[in-house]
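This briefing sets out selected features of one protein model for computational work. The points after the display are grouped by topic.

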Amino acid sequence: MDAIKAPRGTYDVLGDESWKWDRVIGVTRGAAADFGFKEVMLPVFEHTELFSRGIGDATDVVEKEMYTFTDKGGRSVTLRPELTASIVRSYLEHDMRRRSQPVKLWGWGPMFRYERPQSGRYRQFVQIDFETLGASSPLADVEMIDLSMEIYRRLGLSNLQVLLNSVGCPSCRPAYRSTLKKHFESSIHELCDTCLGRLERNPLRILDCKQPACRALTDIAPSVLDSLCDECRVHFGEVTRGLERLGASVKLDNRLVRGLDYYTKTAYEILSGELGAQNAVCGGGRYDNLAENIGGPHVPGVGFASGVERIIITMEAQGAYMGEDAGPDVCIVSSSPDRALEAASLAHELRAAGLSADMDFMGRSMKTQMKSASQNGAKFVCIIGEDEAASGTVSVKNMSNGEQESVERTSAAENIKNKLLWR
Ligand code: AMP
């Protein structure tokens, strides 16, 4: 029988690197607190309608990429492909409009999209996600972009580029759509097959195409900024002014449209020079109509999501500090399997005293136990040999300088704690 492997597009985070993830989430959590965001934990699956209405039926995510199935009660449910729609759903369901506005929420966890796997693109991936709900001020957009950059700064990332655009709103976008459609129709034979399909349904998505012929056409396409209504133009001006004031280096990119239909006004992406084809480390923007699209009242919102795998790939490529795989404070080494029970009770006491402790279960020789304690990065070793057992003592060895001391078994925890303070 063939061994069962993890499904395509998924991966295992093993124990010798899961601490890197802790670092990214820990730094994110710290930044979230500093910017006044509260963490939420939401279901991994939702009613399919939340995404089809929220993200938009004509988007790649909804049309092709969702993990949708019928549950045993006959309901159509979907593994969440992103978190924004869920957070807005939760805001509405718990009537957070009654609270002081805006409500600033963040979350993180696995998302699911049936995409073609490649480096930096998975079918299950982890996002950190931030949303400010109930504020239409452009300063909320500025804060969101600032927050994403601050997280990357704290993680030690460099060589990032912020791309900014406005995608207008339902009052000015239709005019831009038809201007754009006319522009592409005049060179229709040069469009790739995918873009031919987009021409009727969503010509803005053509701006996103990476095919050289389509790119040549988008290079000379009319800019959305020339079609914005007064409200969107003023909003965009204030966002760019706010970012300038913060000293943020931002590049305007008229081609940036984003793959999810709910965006209005501000759209932005942050690219990493280290990621190759899948170079977006972060994507976000404003979505003033999402709450209404899923059956709620008008609730303006702005947010971003960032892929943790891509953050880690960038950190590794740039040699950023990723935390460390901290070994235990103490490893207990005993002289024979007869002493294993003694070792287990010492480990219990050390842990109860607040130390991290490990011991051998395999009946290995003292030499092998010492070797594995050193390989595991133990800071101290507690030796229980024949002499120690007879005299009610343990030998405490400092693994960084080799110094060894005999101490009363009952004061081992205090002794090691003191030594840890002075390391
Ligand atoms: P989106 O939700 O499409 O706006 O994407 C936001 C961010 O999530 C991107 O900039 C990526 O960092 C990350 N991301 C999106 N899709 C994937 C995927 N299939 N695999 C890994 N990361 C992803």
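The buried residues of helix α12 are covered by several elements, including β12 (330-334), β13 (357-359), β14 (380-384), β15 (393-398) and α15 (412-421). The model is a predicted one.

**Helix α12**
- The buried residues of α12 are Ala343, Leu346, Ala347 and Leu350. Around the helix axis they cover an arc of only 105°, so they sit on the same side of α12.
- An α-helix has 3.6 residues a turn, so residues three or four places apart point the same way.
- Leu341, His348 and Ala352 are exposed on the other side of α12.
- Helix α12 comprises 13 residues, 340-352, and at 1.5 Å a residue it should span 18 Å. Its end C-alpha atoms are 18 Å apart, in agreement with that expectation.
- Gly354 follows α12 and has a positive phi, near 100°.

**Helix α15**
- Ala412, Ala413, Asn415 and Ile416 are buried in α15. Their arc around the axis is only 165°, which places them on the same side of α15.
- These buried residues of α15 pack against β12, α12, β14, β15 and β16 (404-408).

**Ser334 in strand β12**
- Strand β12, which is among the elements covering the buried residues of α12, contains Ser334.
- Ser334 has a relative accessible area of 8% and is therefore buried, the cut-off being under 20%.
- Leaving aside residues up to four places away in sequence, Ser334 touches Arg339, Ala343, Met366, Gln369 and Ile384.

**Domain arrangement**
- The protein is divided into domain 1 (18-172 + 228-318) and domain 2 (330-417).
- The C-alpha centres of domain 1 and domain 2 lie 49 Å apart.

**Packing of α1 and α11**
- Helix α1 (residues 18-34) packs with helix α11 (residues 308-318) at an angle of about 105°, and their axes are 11 Å apart.
- Because angles of 65 to 115 degrees count as roughly perpendicular, α1 and α11 are roughly perpendicular to each other.
- On the α1 side, the contact is made by Lys20, Trp21, Arg23, Val24 and Ile25. On the α11 side, Val308, Glu309, Ile311, Ile312, Met315 and Glu316 take part.

**Backbone features in loops**
- The peptide bond from Gln101 to Pro102 is cis, with omega near -5°. Pro102 belongs to the loop between α4 (84-93) and β5 (103-112).
- Asp95 is also found in the loop between α4 and β5. Although Asp95 is not a glycine, its phi is positive, at about 50°.
- With 36% relative accessibility, Asp95 counts as partly exposed.
- Asn159 is not a glycine either, yet its phi is positive, at about 55°. Asn159 is placed in the loop between α5 (138-154) and β7 (160-166).

Key:
Residues numbered from 1 in each chain as written. Predicted model: local features only at pLDDT ≥ 70, side-chain atom pairs only at ≥ 80, totals over all residues. Heavy atoms only, no water. Domains from an automatic or database assignment. Helix = DSSP H or I, 4+ residues; strand = E, 2+ residues; numbered from the N terminus. Expected span 1.5 Å × (residues − 1). Buried < 20%, exposed > 50% of the residue type's maximum accessible area, 1.4 Å probe, protein only. Arc of directions from axis to C-beta. Contact = heavy atoms within 4.5 Å. Axes fitted to C-alpha atoms, helices over the stretch in contact; angles between N-to-C directions. Parallel < 35°, antiparallel > 145°, perpendicular 65-115°, else oblique.
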